[in-house]
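I opened this model to look up its covalent cross-links, its charge pairs and its nonpolar surface. My notes follow the order in which I checked them.

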Amino acid sequence: TLKARDTAGGEVVVNRWAFDIKPVDTDVAAYGPNGTACAHGVPVDTTPMDSSFTCDCSDTQFTGPNCERRRAKSNDNSLAVWAAVMGALVTVGVVALAASRYQLYR
């Protein structure tokens with residue numbers, strides 16, 4: 001409340017303000033995705049005091065809006081495939097070289 005006082009001691013209310021003190025969005029689980037907190041990620045609030053936040057799962061083994069689902073393990077067989085292809089090419093090359101040499105000596 002803002003009051004003004006004159007020299008005679010009289011007071012008058014100039015203005016009244018009401019303040020709401022609210023928690024930070026990331027402190028309220030219900031403001032998260034699907035109305036729950038981040039299971040394994042980090043809460044991220046890009047717009048303060050809008051009653052919502054998202055979850056950053058990038059540094060975890062989890063995915064989903066709340067970082068609640070474990071990521072599928074990657075079956076990266078690219079090295080094995082590369083080695084098999086190179087082995088096959090070398091084998092074909094050696095056989096072709098041997099066949100050409102065999103025909104020269106016949």
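The entries below cover disulfides, salt bridges and one surface patch.

**Entry 1, the model.** I noted at the start that this is a predicted model.

**Entry 2, disulfides.** I looked up how many disulfides the structure holds and found two. Counting bonded cysteines along the chain, I read their pattern as 1-2, 3-4.

I took the link between Cys38 and Cys55 to begin with, where the S to S distance is 2.0 Å. I recorded -95 degrees about the S-S bond, which makes this link left-handed. I then checked burial. Cys38 has 16% relative accessibility and counts as buried; Cys55 is buried as well, at 14%.

I went on to Cys57 and Cys67, whose sulfur atoms are 1.9 Å apart in a disulfide. The angle about the S-S bond is -95 degrees, and I logged this link as left-handed. Cys57 is in the loop between β4 and β5 (62-63), and Cys67 is in the loop between β5 and β6 (69-70); the two cysteines are ten residues apart. Cys57 has a relative accessible area of 10% and is buried. For Cys67 I found 0%, also buried.

**Entry 3, salt bridges.** I found three salt bridges in the structure.

Glu11 pairs with Arg5, and the closest N and O atoms are 2.3 Å apart. Glu11 also pairs with Lys3, where the closest N and O atoms are 3.8 Å apart. I looked up the exposure of two of these residues: Glu11 is partly exposed at 44% relative accessibility, and Arg5 is exposed at 60%.

The remaining pair I looked up is Arg69 with Glu68, with 3.6 Å between the closest N and O atoms. Arg69 is partly exposed at 47%, and Glu68 is partly exposed at 35%.

I listed the members of a nonpolar patch on the surface: Leu79, Val81, Trp82, Val85, Met86 and Leu89. Together they have about 630 Å² of accessible area. I followed up on Leu89, which lies in helix α1 (residues 78-104). Leu89 counts as exposed because its relative accessibility is 53% and the cut-off for exposed is over 50%.

Terms used:
Residues are numbered from 1 along each chain as its sequence is written. This is a predicted model: local features need pLDDT of at least 70, side-chain atom pairs count only at pLDDT 80 or more; totals for chains, interfaces and linings use all residues. Side-chain values use heavy atoms; hydrogens and water are left out. A salt bridge is a side-chain nitrogen of Lys or Arg within 4 Å of a carboxyl oxygen of Asp or Glu. Buried means under 20% relative accessible area, exposed over 50%, partly exposed in between (1.4 Å probe, protein chains only). Patches are made of residues with over 30% relative accessible area and no salt bridge: like charges are joined within 9 Å, nonpolar side chains (Val, Leu, Ile, Met, Phe, Trp, Tyr) within 5 Å. Accessible areas come from the Shrake-Rupley method with a 1.4 Å probe; for residues, only the protein chains shown count as cover. Helices (H or I, at least four residues) and strands (E, at least two) are DSSP runs, numbered from the N terminus. A disulfide is a pair of cysteine sulfur atoms within 2.5 Å.
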